[in-house]
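Please keep the structure open while reading.

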Amino acid sequence: MTRDPAASGPPPEEAGGVLTIDLGALVANWKSLAAKAPGAACAAVVKADAYGTGIDRTVPALARAGCRTFFVAHLSEGARARAAAHDADIYVLNGLLPRTGQAYVRDRLRPVLGSAQEIAEWAAFTAAEGVRIEAAVHVDTGMNRLGLSVPEAIATGEAGLRGCPVNLLMSHFVSAEEPENPINARQLDAFAAVRRAFPSFQGSLANSSGVFLGASAHHDLLRPGYALYGGNPQPGAANPMLPVIGLEGRILQLRWVEDGDTVGYNATWTARGSRRIAVISVGYADGFPRAASASDGRHGADAMVGGVRCPFAGRVSMDLIAVDVTEAPRDLGRGDPVSLMDPAISVDHVASSAGMSGYEVLTSLGRRYARRYVD
Ligand SMILES: *Cc1c(COP(=O)(O)O)cnc(C)c1O
């Protein structure tokens, strides 16, 4: 059998799990987010290996579709994004660490400067090197994490950055996925006030959920991450994004358990009546959350088996998950696929069944899977 050149990881027939990443859906998601803000450009946030989907594949797909700007968190991610998109603008959100200036020059990366000290260092470094790389300045409008405070940014103003190459002013929402949260309006007002002190700069505020807060959140450049990868930017409402991630495990064994039998570590799940159990070749060492386990008091995650939605049975263990397939078709066999994520079992489902955020589920997608990229 010849290997799919787009694949990575072990050959699918030898792998415990097969992860499928739909680059066509990713690009469609980027286009639909961009279309929500016709006056703005749409960047792509590809930190953490493009939320686990593989920066080397997602960045070229998005660049071909017309995405000109990428955001990463680390310099090393920036280097990988640069190798995948030669002409794009690539910003490094975690900003300028001491002695990293040359790495920015080498890969033509743009630091997101988050303090007066970083701004001063970038001004001195670029002047001494005679390089002109446009940076961004991050203003903290409520997160209290990175960035200049609002009064500090207004006091600095555009005049205070003369000599330091900067062209983008950005801030980050605290709770954009909660449209009713009054902190959104406070951040919108604060960001608008700061922008007045930087009249010639571009502005960027909206993450995925921020895109759905309306035109006042859009400014010049959208910065979605999660929604590109199929995550729901509007929790509680129907997900407007296409699913990007598919995850299939395989059935290793099928067995019947009888009323009162328990399944898995610590005997947390008890069969009620005679139940058929399929044991699947994926576990928490693959990055599947152990917190999605089922017990007598807790439902846990579901899997799709032969077109039927089936609940987990007992603990997710390191390399295995047991699924109650009693309601699934009877002709299941060893080696048959079981979907742990697909259009019916979303990233958000896995996350909520585990009490986690979908961001964690995506960024934990494991290295043991065979990875297939489809378009
Ligand atoms: C991660 C991140 C984003 C993307 O946020 P999503 O909620 O994934 O769309 C945007 N901006 C900053 C500063 C980030 O850290």
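The axes of helix 1 (residues 23–35) and helix 3 (residues 55–64) come within 10 Å and cross at roughly 50°. Axes are lines fitted to C-alpha atoms, for helices over the stretch in contact, and angles run from 0 to 180 degrees between N-to-C directions. Helix 1 is therefore oblique to helix 3; angles under 35 degrees count as roughly parallel, over 145 as roughly antiparallel, 65 to 115 as roughly perpendicular and the rest as oblique. Helices (H or I, at least four residues) and strands (E, at least two) are DSSP runs, numbered from the N terminus.

This is a predicted model: local features need pLDDT of at least 70, side-chain atom pairs count only at pLDDT 80 or more, and totals for chains, interfaces and linings use all residues. Residues are numbered from 1 along each chain as its sequence is written, and side-chain values use heavy atoms, without hydrogens and water.

| Helix | Residues in the contact |
|---|---|
| Helix 1 | Leu23, Leu26, Val27, Trp30 |
| Helix 3 | Arg57, Thr58, Ala61, Leu62 |

Of the residues in this contact, 6 are nonpolar, 1 is polar and 1 is charged (Ala, Val, Leu, Ile, Met, Phe, Trp, Tyr, Cys and Pro count as nonpolar, Asp, Glu, Lys and Arg as charged, the others, Gly among them, as polar).

Buried residues of helix 3 pack against helix 1, strand 3 (44–45), helix 2 (47–51), strand 4 (69–72) and helix 4 (75–84). Just after helix 3, Gly66 has a positive phi of about 115°.

Technical notes:
Contact = heavy atoms within 4.5 Å.
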